[in-house]
Amino acid sequence: MSVNNDHNHFCIYCGAKLEPNQKFCIRCGERVFHEEKVVEPVPSKYGKIIDDLEEEYDFKQRRATELVEKLFDPNHMAYNKFSSSIKKSNQLFSNQLNVTRKMVELDSDNNELVEKEIDDKIKTLETFIDKMDDLINELVIRSRSEERRVGKECRS
């Protein structure tokens with residue numbers, strides 16, 4: 001919470017008009033009364049949306065990592081490929097998330113242009129989540145085909 005040190009516009013002792021930041025009344029010499037107003041921060045309409053996107057992304061990237069570790073030996077080229085893709089995605093998502101949060105912090109006036117940019121950033125975050133879904137689907141398909149291959153080998 002911040003305190004706005006606004007003051008009355010007239011001296012409470014003699015009624016003289018006061019100027020901003022004036023410490024003493026120029027007519028009667030009394031100390032100017034400063035009224036402290038507590039300014040409550042208004043929660044952003046974007047806070048929960050951004051938190052939910054972060055939570056969803058974290059869940060999906062953990063799932064993708066688990067699948068990579070289940071499917072591939074750490075020395076396998078595919079393990080390195082998928083692991084580095086997840087790592088790079090995590091870094092990019094984190095950067096976009098931080099930028100989005102900073103934009104929300106700076107948008108205290110609910111400026112339409114800033115809100116449009118925030119909405120665009122949210123779409124970008126959603127795209128990262130969609131791409132992580134695509135990766136999970138690819139890994140699940142690979143896992144199922146591997147299970148079928150191993151099953152056929154066992155029956156032979």
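Start by selecting Phe82: this side chain is buried, with a relative accessible area of 3%. Buried means under 20% relative accessible area, exposed means over 50%, and partly exposed is in between, using a 1.4 Å probe and protein chains only.

Before the next stop, a word on the model. This is a predicted model: local features need pLDDT of at least 70, side-chain atom pairs count only at pLDDT 80 or more, and totals for chains, interfaces and linings use all residues. Residues are numbered from 1 along each chain as its sequence is written, and side-chain values use heavy atoms, with hydrogens and water left out.

**The whole chain**

Zoom out and show the cartoon. The protein chain has 3 helices and 2 strands. From the N terminus on, the order is β-β-α-α-α. Helices (H or I, at least four residues) and strands (E, at least two) are DSSP runs, numbered from the N terminus.

The protein chain exposes about 11500 Å², and carbon and sulfur atoms supply 51% of it. Accessible areas come from the Shrake-Rupley method with a 1.4 Å probe; for residues, only the protein chains shown count as cover. Of the 156 residues, 26% count as buried.

Contact means heavy atoms within 4.5 Å. Among contacts in the protein chain with a separation of 6 or more, 62% come from residues 24 or more positions apart.

**Aromatic rings**

The structure holds 3 aromatic pairs. Rings of Phe, Tyr and Trp (its six-membered ring) pair if their centres lie within 6.5 Å; planes under 30 degrees apart count as stacked, over 60 as edge-to-face and the rest as tilted.

Phe72 lies in the loop between helix H1 (47-71) and helix H2 (77-106), while Phe82 lies in helix H2, so the pair ties together parts that are 10 residues apart in sequence. Phe72 is buried, at 9% relative accessible area.

Next, select Phe93 and Phe128. Their ring centres are 6.0 Å apart and their planes are at 80°, so this pair is edge-to-face. Phe93 sits in helix H2 and Phe128 in helix H3 (residues 112-155), so the pair ties together parts that are 35 residues apart in sequence. Phe93 and Phe128 are both buried.

**Charges over rings**

Which residue lies over the face of Phe82? Select Lys81, at 4.9 Å from the ring centre. Then move to Phe10. The charged end of Lys17 sits over the ring of Phe10, 5.8 Å from its centre. A charge sits over a ring if NZ of Lys or CZ of Arg is within 6 Å of the ring centre and within 35 degrees of the ring normal.

**A polar stop**

Select Gln61, in helix H1. Gln61 counts as buried, at 15% relative accessibility. The side chain of Gln61 makes a polar contact with the side chain of Asn90, at 3.3 Å. A polar contact is a pair of N or O atoms within 3.5 Å; within protein, one must be able to donate a hydrogen and the other to accept it, and residues adjacent in sequence count only if both atoms are side-chain atoms. Leaving out residues up to four places away in sequence, Gln61 touches Ile86, Asn90 and Met132.

How many disulfides does a search of the whole structure find? The search finds 0. Select Cys11: the nearest cysteine sulfur, that of Cys28, is 3.7 Å away. That is too far for a bond, as a disulfide is a pair of cysteine sulfur atoms within 2.5 Å. Cys11 is buried, at 8% relative accessible area, whereas Cys28 is partly exposed, at 33%.
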